[in-house]
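Colleague: Before I use this model I would like to go through the terms attached to it.
Modeller: Ask about each term, and I will set the value against the cut-off.

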Amino acid sequence: MAKWKLVLLPGLLKLGFWGVGAAALLDSSSIPIPMDLLLAGYVWADKGHFWLYCLMASAGSAIGGLVPYGLGRAGGELFLLKRINRERFERMRDRFERQEFLAVMIPSMLPPPTPWKVFVFGAGVFEMAIVPFMLAVVCGRMIRWLVLSLLVLKLGPGAVDLVAHHAMKAMLIVIGLAVVGFGLWWIRKRRARGAENSAP
């Protein structure tokens, strides 16, 4: 794996934003690549196009994520049922289906060591539709890498270390905000349903 990286990364670096997209695709599908560090270098070298690097990396990540997603969809149910009983599996499916977009988007926002591929595998197991799946990955990755890019533009490439050292705090803050946001949305939805039911 290390040898492959030594061969691949120098070649990808010459491809500009296409290289970022290809690196993100490889990182999500098979070969782990330090995407934050790679993206930070591109953004620092070409500050005016930081949004393009974020977009290409997000798209590449969504496309590459189809590999673990496809594995989950092809045989992940049997894999899980060997480890948990059917009742627990159905409970997990129900929870995922109620919040499937957030269940993929939130892990996509978070830096390592978030086990992102586990959630992507789960999206395949529980048969999340491909288009919402890819949108959730793109949205989450765009948020993550836009925040990183803005920090790099303000603080320099050292912002990657800052994010890495505070990854757990960032994870907890993002999860907290997402839970609050979902709670507000759910309350609003229930009130809207109540108003519809009480209307003559």
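Predicted model: local features only at pLDDT ≥ 70, side-chain atom pairs only at ≥ 80, totals over all residues.

Colleague: Which residues of H5 are buried?
Modeller: Pro-68, Tyr-69, Gly-72, Gly-76 and Leu-80 are. An α-helix has 3.6 residues a turn, so residues three or four places apart point the same way.

Colleague: How do you know what length to expect of H5?
Modeller: The expectation is 1.5 Å a residue, which gives 22 Å for the 16 residues of H5 (66-81). From first C-alpha to last, H5 reaches 22 Å, close to that value.

Colleague: Where is the kink in H5 centred?
Modeller: On Gly-75, and the kink is about 70 degrees. The angle is taken between axes fitted to the seven residues ending at a residue and the seven starting there.

Colleague: What makes the span of H9 agree with expectation?
Modeller: The 26 residues of H9 should span 38 Å at 1.5 Å a residue, and the end C-alpha atoms are 37 Å apart, so the two agree. After H9 comes Gly-156, with a positive phi near 95 degrees.

Colleague: Why is Arg-144 called buried?
Modeller: Buried means under 20% relative accessible area. Arg-144 has 13%, so Arg-144 is buried. Arg-144 is in helix H9, where the buried residues also include Phe-133, Arg-141, Trp-145 and Val-152.

Colleague: What does Arg-144 touch, leaving out residues up to four places away in sequence?
Modeller: Asp-36, Ser-108, Met-109, Leu-110, Pro-111 and Pro-112. A contact requires heavy atoms within 4.5 Å.

Colleague: Why does Pro-107 count as buried?
Modeller: The relative accessibility of Pro-107 is 5% and the cut-off is under 20%, so Pro-107 counts as buried. Pro-107 lies in helix H7. Beyond four places in sequence, Pro-107 touches Leu-102, Thr-114, Trp-116, Phe-119 and Arg-141.

Colleague: How many residues lie between Pro-107 and Arg-144 in sequence, and what is their C-alpha to C-alpha distance?
Modeller: They are 37 residues apart in sequence and 9.9 Å apart in space.

Colleague: What makes up the nonpolar patch on the surface?
Modeller: Phe-101, Val-131 and Leu-135 form the patch, with about 270 Å² of accessible area together. Membership needs over 30% relative accessible area, and Phe-101 has 31%, so Phe-101 passes.

Colleague: Why does Glu-127 count as partly exposed?
Modeller: At 46%, Glu-127 falls between the 20% and 50% cut-offs, so Glu-127 counts as partly exposed. Glu-127 sits in the loop between H8 and H9. The phi of Glu-127 is near 60 degrees, a positive value in a residue other than glycine.

Colleague: How many helices and strands does the protein chain have?
Modeller: There are 11 helices and 0 strands. Of the 200 residues in the protein chain, 38% are buried.

Colleague: What share of the contacts with a separation of 6 or more joins residues 24 or more positions apart?
Modeller: The share is 77% in the protein chain.

Definitions and conventions:
Residues numbered from 1 in each chain as written. Heavy atoms only, no water. Helix = DSSP H or I, 4+ residues; strand = E, 2+ residues; numbered from the N terminus. Expected span 1.5 Å × (residues − 1). Buried < 20%, exposed > 50% of the residue type's maximum accessible area, 1.4 Å probe, protein only. Patch = residues over 30% accessible without salt bridge, like charges linked within 9 Å, V, L, I, M, F, W, Y side chains within 5 Å. Areas by Shrake-Rupley, 256 points an atom, 1.4 Å probe, with all protein chains shown as cover. Salt bridge = Lys/Arg side-chain N within 4 Å of Asp/Glu carboxyl O.
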